[in-house]
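Student: I would like to go through the terms used for this model and see what each one rests on. Please set each value against its definition.

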Amino acid sequence: MKAFVTGVGGQLGHDVMDELAKRGYEAIGSDVIASADSKYPYIQLDITDSNSVEKVISKAASDVVIHCAAWTAVDAAEDEENIPKVRAINVDGTQNIANVCKKLDCKMIYISTDYVFNGKGVEPWKPDCKDYAPLCVYGQTKLDGELAVANTLDKYFIVRIAWVFGLNGKNFVKTMLNVGKTHDKVRVVSDQIGTPTYTFDLAKLLVDMAESEKYGYYHATNEGGYISWYDFTCEIYKQAELSTKVIPVTTAEYGLSKAARPFNSRLDKSKLAENGFKPLPTWQDALSRYLKEIQQWDK
């Protein structure tokens with residue numbers, strides 16, 4: 001199997017390339033920057049340039065495109081001057097890739113988000129639920145990206161994830177560790193509920209999917225139950241042996257962000273096992289492994 005991976009400068013794309021290499025697959029990574037400190041074949045690609053997308057991906061002649069590239073700065077996406085850029089990347093860029101995949105008759109894996117839903121209620125969202133109502137620009141553009149894929153291709157996987165953390169980039173865990181080392185206490189939101197996703201574990205699942213033909217919509221976060229950001233922070237400090245006091249606050253008490261966040265990010269992942277995919281390990285176990293990895297990474 002030959003794979004083409006977008007967004008390898010980010011947390012997930014980085015780990016997907018590692019997983020493909022572990023399994024002996026030929027893979028080309030891409031990102032918008034001119035060069036990357038990569039041990040794998042790499043090519044610069046602006047996914048908003050349809051001609052470049054067609055030329056580069058067609059030349060790669062891959063069996064699957066794993067599309068990890070996206071605008072993920074949720075609050076910055078709300079700025080009026082950024083909205084055209086966000087749409088160009090998350091919607092038009094995704095459409096460009098889907099068009100080439102259709103032409104080549106290759107598989108496409110699109111990474112989406114819990115933000116496509118309105119975040120209301122307490123019931124976990126099912127992957128085939130069409131009750132969309134994004135609360136912010138980021139969520140709307142990711143939903144439009146989903147629709148671009150689903151309306152163009154038959155051989156696709158749309159995988160929604162949430163609360164992502166990995167080695168290669170910024171994330172909530174790293175932020176909380178830095179805060180914990182410099183503050184005696186920290187206020188963390190306790191009324192937004194979901195489950196973290198470790199990119200190392202997710203990358204394995206995505207390659208499992210690429211090896212299959214079990215197409216469709218999926219939800220993929222780590223197992224271990226639904227928690228709040230407050231709960232997550234408490235466990236981070238517990239495992240990292242930091243004594244920082246964590247104070248639970250509501251979203252309203254914390255202060256409004258530019259972009260509205262979903263309160264209910266519970267994702268139903270039962271479809272994974274139903275279709276023969278191995279669920280991800282618990283988030284507690286993932287966090288433990290991750291903390292050990294970043295200690296090694298920083299040495």
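Student: What makes Thr-251 part of a helix?

Tutor: Thr-251 belongs to helix α8, residues 251-254. Helices here are DSSP runs of H or I with at least four residues, strands are runs of E with at least two, and both are numbered from the N terminus. The model is predicted, so local features need pLDDT of at least 70 and side-chain atom pairs count only at pLDDT 80 or more, while totals for chains, interfaces and linings use all residues. Residues are numbered from 1 along each chain as its sequence is written, and side-chain values use heavy atoms, with hydrogens and water left out.

Student: Why is Thr-251 called buried?

Tutor: Its relative accessibility is 16%. Buried means under 20% relative accessible area, exposed over 50%, and partly exposed in between, with a 1.4 Å probe and protein chains only. Thr-251 therefore counts as buried.

Student: Which side chain makes a polar contact with the side chain of Thr-251?

Tutor: That of Gln-192, at 3.1 Å. A polar contact is a pair of N or O atoms within 3.5 Å; within protein, one must be able to donate a hydrogen and the other to accept it, and residues adjacent in sequence count only if both atoms are side-chain atoms. Gln-192 is also among the residues that Thr-251 touches, with Val-189, Asp-191 and Phe-263, not counting residues up to four places away in sequence. Contact means heavy atoms within 4.5 Å.

Student: Why is strand β5 said to be largely enclosed?

Tutor: Because 7 of the 7 residues of β5 (residues 107-113) are buried. Lys-107, Ile-109, Ile-111 and Thr-113 cover one side, and Met-108, Tyr-110 and Ser-112 the other. In a regular strand the side chains alternate between the two faces of the sheet.

Student: What makes up the largest nonpolar core?

Tutor: The core has 50 residues, of which Ile-97, Val-173, Phe-232 and Ile-236 touch the most other members. Helix α10 (residues 283-297) gives the most to this core, with 6 residues. A nonpolar core is a set of buried Ala, Val, Leu, Ile, Met, Phe, Trp, Tyr and Cys residues joined through side-chain atoms within 4.5 Å.
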